[in-house]
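Hi,

Here is the structure I promised to pass on.

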Amino acid sequence: MTILQDTPQQVRVIGEARLLAGLDHGRANLARHLWAHGEQPQLSRDAYTVLAEETGLRGRGGAGFPVALKLADLPQRGIEAVVVNGSESEPVSRKDRLLLTLAPHLVLDGATGLAHALGASKVLIAVHDATAAASLRAAVQERTTDENELRYRDDGLDIQIADTPGRFVAGEARAVLSILDGGPAVPPGRRTLPTRQGLRGRPTFLSNVETFAQLALLARLSSRQFAATGVRTEPGTQLLTIAGAVQRPGVLETPTGIPLDTVLQYAGADAGPVLLGGYHGRWLPRTDGVTLARPQVSAGIVLALGSATCPLGEVHRVAQWLADQSAGQCGPCLFGLGALVDDFSRLLQGDAAGWHDAQRHLGLVPGRGACAHPDGSARFLASALEVFAEDVRLHLTGGSCGRAVQGVLPVPGGGW
Ligand code: SF4
């Protein structure tokens with residue numbers, strides 16, 4: 001039976017609360033965290049690897065890389081650090097900052113537990129949200145008071161919280177490592193794996209906030225208990241950010257594999273198209289029969305557009321923002337995304353050449369940048385042209401679909 005719970009902080013759960021357990025009254029301090037989750041057991045590297053393998057756990061950021069493979073790629077010795085990527089630069093996403101703000105000890109347990117298992121001496125947490133950073137700093141202090149020192153002395157583990165800029169590409173894993181090393185907030189021009197060449201050029205385990213919270217749960221539960229809910233291929237729960245034309249926006253914990261229509265109904269979504277995965281994700285032509293699990297719901301974003309706004313105008317605003325986020329160091333990204341903004345602009349005004357040029361540019365941009373930004377942006381724009389084919393026709397025949405742009409798709413600094 002589905003159990004629905006609401007809390008005053010708009011923390012919502014369908015099914016069993018795991019990541020969001022104990023948050024009914026707001027932030028979980030150390031005492032409340034221990035009451036909700038119990039002590040964090042110390043596990044070996046092999047134990048983490050087996051648990052991650054048995055449960056098919058994947059990173060809960062955009063890329064969704066299997067955690068067991070990432071662990072296997074690390075050398076046996078000489079691991080520099082465990083890095084928690086809390087940049088959450090996708091404008092729609094709120095799940096990671098919610099975890100850092102309300103459940104900081106769960107994230108810290110996951111990161112410090114793994115650092116011990118890997119023999120890493122540092123845990124670095126990159127955050128760009130001021131409230132989340134303050135909550136984390138308070139949590140680190142709580143763990144080092146006299147009263148808790150014995151339990152959390154962390155054997156000399158150096159825990160640092162670093163503020164990062166909010167730009168989209170600054171949240172990319174290698175951009176985060178560059179920032180932590182004192183470099184620019186952009187991905188380096190070459191693709192390297194953090195497990196081989198991470199912080200200070202040394203092997204590093206980096207993943208996003210929710211991944212570490214999941215590891216903290218996994219360390220406490222057997223893989224069998226962990227897999228008691230969700231889909232067989234990647235069981236457990238997941239955090240979703242629900243946004244757009246919905247009556248109940250916010251962060252929702254659900255079993256993996258939940259039907260999208262259940263989530264939309266629960267959120268009170270208006271009828272209309274849905275975007276899964278944020279601004280590097282895809283528009284869906286229909287929602288029935290769709291279930292929410294990786295890779296479809298990468299980054300955990302479900303955005304309902306509703307039917308009162310101009311879809312192509314909304315997409316054009318986001319395209320402009322995506323183009324502005326290019327770090328400007330790869331030609332196909334810098335010029336290709338800019339050209340696509342112009343193509344969409346002309347299409348909106350009824351110029352068929354804009355549509356043809358967009359199709360051409362969408363074929364040229366992917367796979368040619370040093371990071372996934374152009375690929376993800378092209379995916380988002382290509383799916384818009386496909387799903388909003390009828391709106392394309394209306395714009396090309398009459399110059400408009402008859403609806404004004406409402407700003408349902410949030411764009412930082414977009415004035416909505
Ligand atoms: S692909 Fe774009 S965002 Fe990525 S590194 Fe190159 S210029 Fe920067």
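Among contacts in the protein between residues at least 6 apart in sequence, what percentage join residues at least 24 apart? The figure is 70%, with a contact meaning that two C-beta atoms, placed from the backbone, lie within 7 Å.

Two housekeeping points. It's a predicted model, with local features needing pLDDT of at least 70 and side-chain atom pairs counting only at pLDDT 80 or more, while totals for chains, interfaces and linings use all residues. Residues are numbered from 1 along each chain as its sequence is written.

On to the overall build. There are 16 helices and 13 strands, taken as DSSP runs numbered from the N terminus (helices H or I, at least four residues; strands E, at least two). The C-alpha trace spans about 70 × 50 × 35 Å along its principal axes. Of the 416 residues, 52% count as buried, i.e. 20 or more other C-beta atoms, placed from the backbone, lie within 10 Å of the residue's own.

The protein is divided into domain 1 (25–226), domain 2 (237–304) and domain 3 (311–398); those bounds come from an automatic or database domain assignment. The centres of domain 2 and domain 3, over C-alpha atoms, are 23 Å apart. Eight residues of domain 2 are in contact with 10 of domain 3.

One helix I looked at is α9 (residues 209–220). It is largely enclosed by the rest of the structure, because 10 of its 12 residues are buried. Among them are F212, L215 and L218, along with E210 and Q214.

Cheers

Key
The expected span of a helix is 1.5 Å times one less than its number of residues.
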